[in-house]
Amino acid sequence: MTARRVYAPDMRGHGKSSWTPGGYHMEGFADDIEAFVSGVVGESVVLCGHSLGGQVAVQTAARRPDLVLGLVIGDAPFDRARAKAALAGERARIEMWRDLARPGLPVDEIRGRLLNMPIAGSEGPVPARQVFGEDSSWFDFMAQTLSEHDPAMLDAVIEFDRMHAAYDYERLLPRIECPTLIIQADPVLGGMSDEEVERGLALIRDGGAVKLKGIGHPLFYPDPAPALRAIVDVPCHLGWVSCTACGRCVRHPGDYLFLCFVMPSRHTCWMMLGVPAVVVTPITLRMNRSLASCASMLAARSARPSPS
């Protein structure tokens, strides 16, 4: 059985990708993903995006349905006004991150300052070291991430309006043609609201949702397993059945297994095994454990007996 490929590109202004001051907006991010899928992957993909990456994935799937066979939206706010209001409460933290991202600041120094970053608590702000624990890997991860960020990208996040000008979910979601899964973080922990998910599903033609109770907006931290299971088990969440159930079981020449999503108006096949997956994340992806877990889960699924 051919292994499934997983790509995790750094978006512009993040990680090892180039800095493009003045170019941090949805159109530019989507341009990059379209060019990556067309030029590097070379075939249609299952596109998975988290947070800002989820918004970029929506933009991409709506603009280029020919490139996206399936879409996973990871707790990406739909409503711009609600997202902007939520950002206002995080402004001081993002400004701190922007200042820590300035060129030349050593990673160790960034980590040391993150230890004292204020986190909202029930009795007022407390240092991040008390919330995560001083030895938490989060500090290493975030320090490395910020050391590779363009501060201008975080300025664009704070300014908000230019970055999100093209993100109109009421216009974009109906243009998505592929099966789509919304992964909702726990609203109590800052995830999308139930109302927002319901509004989104009403606009998506082939959609489903799964709520991860007890999991906050970061989704993959500290434990990536629940979100990865949701991604790997997309057919289950969307009510897919195997091809044998509809009499259209086929085997790809490359020995890939097809699963079918039976809709009242049409029959759509999404090749879950053998289709490249592109994961879009708004921060530098240093989550090798997550990718390794995802690859292992996909390998286990591909090893199961296929329909005869």
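A: What follows goes from the nonpolar cores to a helix pair and then to one helix by itself.

The model is predicted. Its largest nonpolar core has 57 residues. Those with the most contacts inside this core are L71, F78, W97, L114, L146, M163 and I176. Helix α2, residues 52-63, gives the most to the core, with 6 residues. In soluble globular proteins, nonpolar side chains tend to be buried together.

Take F78 next. Leaving aside neighbours within four places in sequence, F78 contacts I73, Y167, Y169, L173, I182, M192, E196 and G200.

L114 sits in α5, and L146 in α7. Helix α5 spans residues 107-115 and helix α7 residues 137-147. Their axes are 8 Å apart, at an angle of about 125°. The crossing of α5 past α7 is right-handed. From α5, V107, I110, R111, L114 and L115 take part. They meet W138, F139, D140, M142, A143, Q144, L146 and S147 of α7.

Last, helix α1, residues 26-41. At 1.5 Å a residue, its 16 residues should span 22 Å. The end C-alpha atoms of α1 are 21 Å apart, so the two values agree. Its buried residues are M26, G28, F29, A30, I33, E34, V37 and V41. Just after α1, G42 takes a positive phi of about 85°.

Definitions and conventions. Residues numbered from 1 in each chain as written. Predicted model: local features only at pLDDT ≥ 70, side-chain atom pairs only at ≥ 80, totals over all residues. Heavy atoms only, no water. Helix = DSSP H or I, 4+ residues; strand = E, 2+ residues; numbered from the N terminus. Expected span 1.5 Å × (residues − 1). Buried < 20%, exposed > 50% of the residue type's maximum accessible area, 1.4 Å probe, protein only. Core = buried A, V, L, I, M, F, W, Y, C linked by side-chain atoms within 4.5 Å. Contact = heavy atoms within 4.5 Å. Axes fitted to C-alpha atoms, helices over the stretch in contact; angles between N-to-C directions. Left-handed = near helix turned anticlockwise from the far one by under 90°.
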